Amino acid sequence: MAQTTPSLRTMLEALVSAPSVSCVDPALDQSNRAVIDLLADWLDAAGFRTRPMEIPGRPGKLNLVATLGAGPGGLVLAGHTDTVPYDASRWSHDPFRLTEDGGRLYGLGTSDMKTFLAIAIEAARGLATKDLTRPLVILATADEESSMSGARALAQAGRPLGRYAVIGEPTGLRPVRLQKGVMGEAVHLVGRTGHASDPSLGCNALDGMQEVMGDILVWREELGGRYKHPAFAVQTPTVNLGHIHGGDNPNRICGECELHLDLRLLPGMRAEDLRSELAARVAAISGRRGLEWRVEPLFASIPPAETPAGSAIVEAGEALTGHRAGAVNFGTEAPFFNELGMETLVMGPGDVAQAHQPDEYLEAARIPPTLELLRGLIRRFCQ
Ligand SMILES: [Zn+2]
């Protein structure tokens, strides 16, 4: 165990050097234990009570809850410990070595978002329990980039960690209080193959799917008329037809066809409702055509999230940055934190344009204002 917390620079280097890819492809998926162990050592040395939490059903994956101070209320500074997979051949820097070049700190997870955890520890440097009237929690989660199993496990455990939370996802230090939810759904149709020369010999799944697709485009228009939120750049829910596969040969009647869709939900919409609407439409068309059908999730959906504009954490984020809290079209762990009763703001030093890209970097100049911002939040919510 470390005796003293190392310098911020040393922490940043160590976090980038500890691989922690999470991926739905088991061949690429890695444990995040190395990152959790580093954070636990540093936070122990800083006087926090650290509690690693194994994720049920996900061996080698852990969250870490580190607490300074006690009592109700308080502030959670949260970040995910995992990164997306990388393609080393497209990087001109070593993804696992923090490299400073032209004012940029290059490395996998610099922008999205291991660095935030080190900056949060740095912001708390020197604080002791006696300095706090409400607890400060540093929370590190697993699997944000894949299944969100870490945040889901916390929501399942049902114990709120604080009254307010800030997730340091890359927003260019702008506060975000609204996000869309994300669903991926598969529509599967099964008909009957037969020789192409006589349609009565089979039941064509591709014919059925083109009708389903036409109907989904009608449904998309309806959804756009039913739901609108002016805070989002794309103000309506979206439905994207992203993948299709069916049949094998032009001279055979297509026996099976599968379509994958991406749906982005506005706050107030529920994945279950959309899935049953979609299923009802697919069922109607399939029934008429004598096709078997299934509608199934491609992954567990991420709900939309909305933290009220009047929440103290939103007001504090706006006051400290000088920016109005906005909205993003991508999913974060915020809905799971909201579910736990924590009013959550998304705000971090990276830029989403650099996230999930080769040569991911963080502008070094973003670090001092982030420290300033986090210290301001700690003063406001814990002291
Ligand atoms: Zn992220």
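1. Some terms come before the pockets. On a 1 Å grid over the protein atoms alone, a pocket is an open set of points with protein on both sides within 12 Å along at least five of seven lines. A cavity is a set of points where a 1.4 Å probe fits but cannot get out. Lining residues have an atom within 4 Å of a point.

2. This is a predicted model, in which local features need pLDDT of at least 70, side-chain atom pairs count only at pLDDT 80 or more, and totals for chains, interfaces and linings use all residues. Residues are numbered from 1 along each chain as its sequence is written, and side-chain values use heavy atoms, with hydrogens and water left out.

3. Start with the largest pocket. Its lining consists of 24 residues. Nearest the centre lie Glu-144, Glu-145, Ser-146, Ile-302 and His-356. The volume is about 520 Å³. A volume here is the space filled by probe spheres set on the grid points, which are joined across faces, edges and corners. By class, the lining has 13 nonpolar, five polar and six charged residues. Ala, Val, Leu, Ile, Met, Phe, Trp, Tyr, Cys and Pro count as nonpolar; Asp, Glu, Lys and Arg count as charged; the others, Gly among them, are polar.

4. Next comes the second largest pocket. This one holds about 170 Å³ of space. Among its 14 lining residues, Arg-49, Val-65, Thr-67, Val-137 and Leu-161 are the closest to the centre. Strands E1 (49-54) and E2 (62-68) are the elements that give two or more residues to this lining. E1 provides the largest share, three residues. The classes are six nonpolar, five polar and three charged.

5. How many cavities of 30 Å³ or more does the structure hold? There is one. About 50 Å³ of space lies in the largest cavity. Strand E8 (176-179), strand E13 (305-306), helix H8 (334-339) and strand E15 (343-346) each supply at least two lining residues. E8 gives the largest share, four residues. The lining includes Val-176, Arg-177, Leu-178 and Gln-179. Five of the lining residues are nonpolar, four polar and two charged.

6. Now the whole protein. The count is nine helices and 16 strands. Helices (H or I, at least four residues) and strands (E, at least two) are DSSP runs, numbered from the N terminus. The radius of gyration is 24 Å, close to the 21 Å of the globule rule for 383 residues, so the protein is as compact as a globular protein of that length. That radius is taken over C-alpha atoms, and the rule is 2.2 Å times the number of residues to the power 0.38. The C-alpha trace spans about 80 × 45 × 40 Å along its principal axes.

7. Of the 383 residues, 52% count as buried. Buried means under 20% relative accessible area, exposed over 50%, and partly exposed in between (1.4 Å probe, protein chains only). Of the contacts with a separation of 6 or more, 80% join residues 24 or more positions apart. Contact means heavy atoms within 4.5 Å.

8. Is Tyr-227 buried or partly exposed? Tyr-227 is partly exposed, with a relative accessible area of 26%. It sits in the loop between helix H5 (205-226) and strand E10 (238-246). Not counting residues up to four places away in sequence, Tyr-227 touches Gln-235, Thr-236, Pro-237, Leu-266 and Met-269.

9. Glu-318 lies in helix H7 (residues 312-321). Leaving aside neighbours within four places in sequence, Glu-318 is in contact with Pro-175, His-323, Arg-324 and Ala-325.
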